[in-house]
Every structure is written in C-alpha cells, then in structure tokens.
Amino acid sequence: MTNSFHVSRRTVLLSGAAAGLALGLPRGAFAAGAELRDLEARPGTAALWEEGGPQADIWGYEGRVPGPVLRMRQGETLGIRFRNGLDQPSTIHWHGIRIDNAYDGVAGLTQPPVAPGESFDYLVNAPDAGTYWYHPHNRSWDQMARGLYGVLIVEEPGVRAYDRDVILTFDDWRLDEERQIDTASLGAMHDWAHAGRLGNVLTTNGEAYAKFPARPGERLRLRVLNTANSRVMTFRFAGLAPRLVALDGQPVAPEPLAEEAVRLAPAQRADLIVDLPETPATYTVEEASGQPFAACEFVVSGAPVTRASPLPEDIALPANPLPKALDMQDALAQDLLMEGGAMGRMREAVLKGETRDIRALVQEGKVWAFNGIAGSHMDPAMFTVARGRTVRMPIVNDTRWPHGIHVHGHHFKIVSRNGTPVAREEWRDTVLTDPGERVEIAFVADNPGKWMIHCHMLEHQAAGMMAWFEVT
Ligand code: C2O
Ligand code: CU
C-alpha cells in the first residue's frame, strides 16, 4: 500500500461531513441498538524494509500494520467484535481511553484471554476527544513486536481549526537478514534486562520511508504516535514550526515546540499543528534520539489550498471533561519505586509472594520490580482507593534505564519533576522517567474497577514492571 493511497483515502473519508469512521460504522448506531464491527487479528505481510521490497510476515488487525484507523465522535460508543485469528490468546486494550473497566482488555485482570478462533465484544465509550490507539494486552511484547496495533481517533465537536489531519505512527522493527521480523530474539533476556527490544528499521504507518503529499498553505494536524515496544524517540520537524496542541490525547495550551522536536516514550502521543508554506518544498522529519536520520517527508506541491471559509484563528482544542479538582490535601499517597535491570542495585525482590535473590529472579525472567515486587497479574492489588479520591504518586526511577509508566482508565497530571513543579497543565496517560528521575503524578480515581499500572517498555512490563490497583 503506498502512502499516497493512505492519505488520499483518508481525505475522502474526512471530506464527507458525516464520515467519522474509517470502518464505516454509521453514526449514532448505538442509539438504535448495538452494532458491532469485526476487527480480526491475523497474520499478514508488509514491506517493512523498503517500499516495494521484501514482504515481511507480520501479525496485524485485519492483517495490516497499522490496523484500520478507527474514528468515532466524542461521547459515542464504538462497538467492536474482536476476532482472534492468531494461534495464541489475545485481547484488545484501548490505550488512553477512560473506558468502562469491563472493556479495558487486560487478559487475566479484566477479562479472560480470547482463545484462537474465539471472539470478544468491546464497547468503547470515549469521554475524551483526542489521539488514542489500540493493541493487545496479552504477551504484548511478542504480539506488538509483530505488528498488532492501530490508531483510534476520537473527534472533537465543533469547527476544526485545521484543514486535515495526518497520522504519523512511528514504530521500530527488528528485522533479520531475510528482512523478516527477527522472531528468534523475541524474549531475549538481554533485551529484557536492558532497554527492551530495540529495532533496526523505523517505519511510519508501516512504511519504511513514507512521503506525505500536501498543498501549499495547508494547515495540518499531525497526530504523532510512538508505537515501538521500547524505544524512546525524538521527532524533529525542521522548518515546519510545529505548535503542540495535545499530549496523550489531552489538550494543552498551544505552544511552539522547542527546537521543533518532540520526544515520545513508547505509547505516548503528541498532536501538532503545522502551517505549510505558500511555496512548494519538501520537509524531512528526522528521528533524532541518537544520530539523526530521515524518517519520512512532507512533499508540498501543487495549487495552494483553497477554503470555503477561513479557518478559526484559535488552534486550541476544546477541553475534555477531566476531573476538575485534585484534592492534594486529602490525597492517598502511594509511592512507586522502580528498581532492577542491568547495572541496577536490586539484589532481591518478591516474586509470587516469596523473596528471591537476583539469580533466581533472572531464571524466572523477572528482573524488574515495583516497590520490591517483581509483578504479575497474580499479585494482590498495589492499593485500593475509594472512588472519587485523589491519588498522589511520587515515582522514583532508581534504575539505569528510562521507563514510561502508564496508568489505565485514568489520565494523571504531572505535578513535579525532581521536586520542581511543572508549570504546564499536562494530563497524560504515560509519563517518561529518565534514570535517577523523580516524577510526581496525581489523578482522581474516578473510574471504578481494576486498573493496570505498568512500564510501557513492553519487555520491562513482562519482566516485572507491572502492578494493578482497584477503585471501589
Ligand atoms: Cu498501552 Cu497497558 O497499555
Ligand atoms: Cu521500563
């Protein structure tokens, strides 16, 4: 599939005022009764190495990577019948959606895993507009490394302050010499104890070097996602002067991106507004976390954009219905201490209720811990909190590696970093913590149920960086 096809197809879908959903669910279908769209996880192929190049075997939703773009309107419910066409159990988690707990998709915690050949019906209710995504929550380190994920867009009401949105899903892949996904190294303990599984090829929307056509003078909303298993990435939009309008789906006061770059941990998203120049030009987007290299490009050409009516001047996105007040005085304080990994200080941790030394832990593939516990779904809850109470969580990264901590079912506010209050109103579902860093977050536990909190470096998650809490 060429990139221009992606873009032109999406343009067609968006140009009809009623066309909110790439899968074609009629709007308001739930008013009349539940209608479910099929979404199947199954094997497929993709040219990950180069356009028109060798086809790699992947697992994808509808056999594609990324899976279909799901679009819905804020406040609507999207019905999905997930079919498992894989040869191992799976589920779908709707990352960042403040969903009903029963549909959160966590195998072993909110639902049983969906066996091969079986299906599960999800009702995705979306209180918040923004850029979200979906992926399995069973053996995520394996299934996501093979391509299982897709983008979920919840549209804001009202008039858009941009001409068109462009999704930029960045993923890194580890390919072998046959340009196939290197499955032999899946589960390699060296990766698990270090930075996680890092790839050797970067794709944008499943393509090795995507080219995005655009018109002079167009205003684009870029929906940027890091869907890598473990790589923290920095995307530089040199010459495009992007303005940040949302993080992890939640609006922020618009501001220019420092150095035209945004750093994203796995699972994080950023929405950017870009005003293209009036003259044709090509702009390269770089991945600049290490030695910078070209990731994809925007090709601005053709006749300047024309509009029936001018775009609104204010690019700020409308607020989402997040809890208004954090009650820091009466908050439940819950520390989160991250330990373990290569070159770390951890000598022992509790695994399945018993203290084990580091050698025994390595043997079990558990080399990370939260609060001294190498976690699994089998553990008791990390904490229980009455619905409506504020949770204050000082997070300490006492390891030599960055970690992206994700909380399910809620968005949290970043309160401080290394003791310094964070000035920006910043609500996120995933926070990046660098080695040695202390980050305090807080949220109102207003969504009843059992919710995961884990590192979104998927190998770290599998190797012990996971826990859950209950809102009663
Ligand atoms: Cu995106 Cu628990 O995950
Ligand atoms: Cu981690």
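**Entry 1: strand β12**

I looked up which way the side chains of β12 point, and found R219, R221, R223 and L225 on one side and L220, L222, V224 and N226 on the other, all of them buried. I take buried to mean under 20% relative accessible area, with over 50% called exposed and anything in between partly exposed, using a 1.4 Å probe and protein chains only. In a regular strand the side chains alternate between the two faces of the sheet. Because 8 of the 8 residues of strand β12 (residues 219-226) are buried, I note this strand as largely enclosed by the rest of the structure. Strands here are DSSP runs of E with at least two residues, helices are runs of H or I with at least four, and both are numbered from the N terminus.

I keep in mind that the model is predicted, that local features need pLDDT of at least 70 and side-chain atom pairs pLDDT 80 or more, while totals for chains, interfaces and linings use all residues. Residues are numbered from 1 along each chain as its sequence is written, chains are lettered from A and ligands numbered from 1 in the order in which they are written, and side-chain values use heavy atoms, leaving out hydrogens and water.

**Entry 2: the sheet around β12**

Which strands does β12 pair with, if pairing asks for at least two DSSP bridges between two strands? Strand β9 (residues 164-173) runs parallel to β12 and is joined to it by 7 bridges, with V224 as the bridge partner of L168. Strand β17 (residues 269-275) runs antiparallel to β12, also through 7 bridges, and here I found L225 opposite R269. On its own account β9 is joined to β10 by 4 antiparallel bridges, where D172 has L202 as its partner.

I then wrote down the whole open sheet, which has 6 strands in the order β10-β9-β12-β17-β14-β15 with mixed pairing. The strands β10 (201-204) and β15 (250-256) stand at the edges with a single partner strand each, so one side of each is left without a neighbour in the sheet.

**Entry 3: the copper ion**

Next I looked up the copper ion (ligand 2), which is coordinated by ND1 of H403, SG of C455 and ND1 of H460, at 2.0 to 2.1 Å. Donors are N, O and S atoms within 2.8 Å of the metal (3.2 Å for Na, K and Ca), and since water is not among the atoms, sites may look incomplete. H403 lies in strand β27 (residues 403-407) and C455 in strand β33 (residues 449-455), 52 residues apart, so that the pair links distant parts of the chain. I count H403 as buried because its relative accessible area is 0%, and C455 likewise because its relative accessibility is 0%.

**Entry 4: aromatic rings**

For ring pairs of Phe, Tyr and Trp (its six-membered ring), the centres must lie within 6.5 Å, and planes under 30 degrees apart count as stacked, over 60 as edge-to-face and the rest as tilted. By this rule I found 11 aromatic pairs. Y61 and F82 are edge-to-face, because their ring centres are 6.5 Å apart and their planes stand at 65°. Y61 belongs to strand β2 (residues 56-61) and F82 to strand β4 (residues 77-84), 21 residues apart. Both also belong to one aromatic cluster, which includes W94, F120, Y122 and Y134.

Technical notes
Pairing = 2+ DSSP bridges.
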